[in-house]
Amino acid sequence: MIYTASPLAVGIFFAVVATVLGISFYFGRKTTSAKGYFAAGGTIHWSVNGIAFAGDYLSAASFLGICGMIAFSGFDGFLYSIGYLAGWVVALFVVAEPLKRLGKFTFADALDSKFNSKGIRLMAAISTLVVSIFYLIPQMVGAGALVTPLLGLPHWVGVTLVGGIVIFIVTTAGMKSTTYVQFLKGGLLIVFSIILVFMVVDRGVQDVPYEGYHDFITLEAELTEGSVTSVSDPAYTVAGEYTENGLHFVKLQRDGINNWWNLESGTGTLTEALTIVTLDDGSVLFNGAPREDQLFYSVGNMHRIMVDGEQVEEVHGLNVISFLAVIQESEVVRFVADVFTSGDEKVRIWYQKVTPGNEILSPGLKFHIDEGSSFADKMNFISLMLALFFGTAALPHVLIRYYTVPTPAAARKSTIVAIAAIGFFYILTLYMGLGAMISGVLDVESSNMSAPLLAQSFGTLMFAIISAIAFATVLGTVSGLIVASSGAVAHDFIDNFLGRKLTDHKKVVAGKLAAVGTGIIAILLGIAFKGMNVAFLVGLAFAIAASANLPSILMVLFWKKTTAKGIAASITTGIISALGIIMLSPSMYTRYGLEASAAPFPLDNPGIISIPLSFAVLIIVSLMTQEKGQPQGVN
Amino acid sequence: MDHGPAVEYHECEELLKYKQKAGLRLFFIYSGIYGVFVLLNTVFPSMMESVIFFGLNLAIVYGIGLILIAIILGLLYNHQCTKMEKRLDTSSSKSQGVSE
């Protein structure tokens, strides 16, 4: 799609960025100590911290990624919302108060509180950096995706812009400004998402999403021995064909423009599709023409609308229950992606697939867990849900927020505020995603843009506000991650592992230098991973966190025989096994430009193997390294 | 090496044990409900399509229910802990003054 920047959108965007920078300057002048820089002096009120938790957590993955995944895959995208929220239960009931009691700046403080072990410090610092960087990638990808339609700038500019602003925020002020930026952005995100959802359900559902929506036509094909020889409209001629796995695509030519159509299975009907074709000479055609010709449309519409058993053309003024009930009963046109090569053309195609509402609102469109799915498919799903459940309580930027409040009780209360705010927001994602799915606004090239484009269907002002908030969302989360990384480097690695007894001031300087380094790495990776769904990428960060950190946190709290060597070995195992499985997964093989089926490991999500493995290593190594008089778990 | 907490406070052993026990009990309850949800999706995915009420299917009702149950259990846990903190009158609860 071609995006053009609107002056209003640009104005609101810069107002939000200016506000964020203003907060940073204000608090930057007041932050001088390490306690102030890394933990906001432990003075944040629990209610502010709770909403800041939400601001931290409702990242690009939650807002852009989940809404996009629901818009393209229905309920399967909502499973991410459910898993992300469920993880907070582990954080609240098991981790929040004990970690607050034991730590100071980083979660390594709590792990190492009874051991004074350099091994724990080193591994915890490495783990924090690895998880933070994996979490940073999707935020940067989300930033790049946003800036293109908002400011009319290329992806890499957006990534660099976010990276630059965040490095500035973190190096000028630290945790206090980060907290207030997240508080502001978390509050705005929830308020404007509520407004957007009410607009969506009130607008309801209609056959034609809006005036000017592309009229996708169908043609009848004449088949001879399974091949299309001609079509019902003589203006079109058959120029090619491609079949695979029950799919049959036909290249038709009209007025000198070639495009691929989908022959619907078991019928002679050809339906229009969207295609991006890369030719041997490197030129790229969008629906058979250069991008500037604007033949590549926004999509997503209803096929048949049913209300109480009767078919209607449109229905308005729905509520949060009847909106879902109408979709459940009706049929939706989804655009399903496929890739193939035909002659000198590399074709990315999105073909229409009429999908009943009950399939949209139940599992199976993304995760192959319905009847007929393989054992590996089911394990992949369980693995993801396991990682989401155990990942939240092990994310470094979530864990450091327990140190910004004064007491364990305040840590608990702020976690409950966070659960309420985040849970409420995640219910809203279902409506925003489904709203985008049927509003004719989807950009098949970027699922991440679904929520902002849904807002655009209500006018430029709404688009500008939602996009600016989404951008602030990225800023807030990235700030938190970079503070966590800088704490790991300055406090855990330099101060405690290397034993360089830094003064308070030097520790802050080291933290700021680490923030610059992490920020630059995040910018480079954000450019490299352009186009991947951000919720999927965050799912990988959760898997690494759950594998590397959670076994140690839980065992040090609840198993007296835990030893320092057991913890260090468990973190090492968790990082290596989770990263190794990800690198050998089908999704990464596709990223390398190889066939997904060639991947040596069939799972995309490593949690089901790496989490138990990390637990097992901790138990075995701890049992092997028991020493009389040695300090053990803090239970 | 200064590993201590950023702010000093004190909680008695009885309170710590009470909170840990209450937290673990609610954690296992929620884990069970979440585990059944994941298993139903994996083993009986077609069951999730059954319409339960108001035209909503089991997948949606259970999914939104999981989010709401997390909020309700969180409030219940806080109620239990706050009640115990007040009863034991710890310095932790005092230190937060009106905000508590």
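Predicted model: local features only at pLDDT ≥ 70, side-chain atom pairs only at ≥ 80, totals over all residues.
Colleague: What makes strand 2 of chain A and strand 3 of chain A a pair?

Modeller: Strand 2 of chain A runs in the antiparallel sense to strand 3 (residues 227-231) of chain A, and the two are joined over four bridges. Residues are numbered from 1 along each chain as its sequence is written, while chains are lettered from A and ligands numbered from 1 in the order in which they are written.

Colleague: How do you know that strand 2 of chain A pairs with strand 7 of chain A?

Modeller: Strand 2 (residues 218-224) of chain A and strand 7 (residues 269-272) of chain A are linked over three bridges in the antiparallel sense, with Thr218(A) standing opposite Thr271(A).

Colleague: Which strands of chain A form the open sheet, and why do strand 9 and strand 11 stand at the edges?

Modeller: Six strands form that sheet of chain A in the order 9-8-14-13-10-11, with antiparallel pairing. Strand 9 (284-286) and strand 11 (310-312) of chain A each have a single partner strand, so one side of each is left without a neighbour in the sheet. On average, neighbouring strands of this sheet are turned by 25° against each other, direction ignored. Within the sheet, strand 10 (residues 301-307) of chain A meets strand 13 (residues 331-342) of chain A over three bridges, and Asn301(A) has Val333(A) as its bridge partner in strand 13 of chain A.

Colleague: At what angle do helix 3 of chain A and helix 14 of chain A pack?

Modeller: Helix 3 (residues 46-57) and helix 14 (residues 408-437) of chain A pack at an angle of about 45°, with their axes 7 Å apart. Helix 3 of chain A is therefore oblique to helix 14 of chain A, since angles under 35 degrees count as roughly parallel, over 145 as roughly antiparallel, 65 to 115 as roughly perpendicular and the rest as oblique. The residues of this contact divide into 10 nonpolar, five polar and one charged.

Colleague: What makes Ile466(A) buried?

Modeller: Ile466(A), in helix 16 (residues 460-497) of chain A, has 29 other C-beta atoms within 10 Å. A residue is buried if 20 or more other C-beta atoms lie within 10 Å of its own, exposed if 12 or fewer, and partly exposed in between, so Ile466(A) counts as buried. Leaving aside neighbours within four places in sequence, Ile466(A) is in contact (C-beta atoms, placed from the backbone, within 7 Å) with Phe192(A), Leu196(A), Ala451(A), Pro452(A) and Ala455(A).

Colleague: How many residues does the contact take from chain A and from chain B?

Modeller: The contact takes 57 residues from chain A and 46 residues from chain B. Helix 5 of chain A gives the most to the side of chain A that touches chain B, with 13 residues. Chain B itself comes to three helices and two strands, its elements running α-β-β-α-α from the N terminus on, and buried residues make up 31% of its 100 residues.

Note on methods: Pairing = 2+ DSSP bridges. Axes fitted to C-alpha atoms, helices over the stretch in contact; angles between N-to-C directions. Nonpolar A, V, L, I, M, F, W, Y, C, P; charged D, E, K, R; others polar. Contact = placed C-beta atoms within 7 Å.
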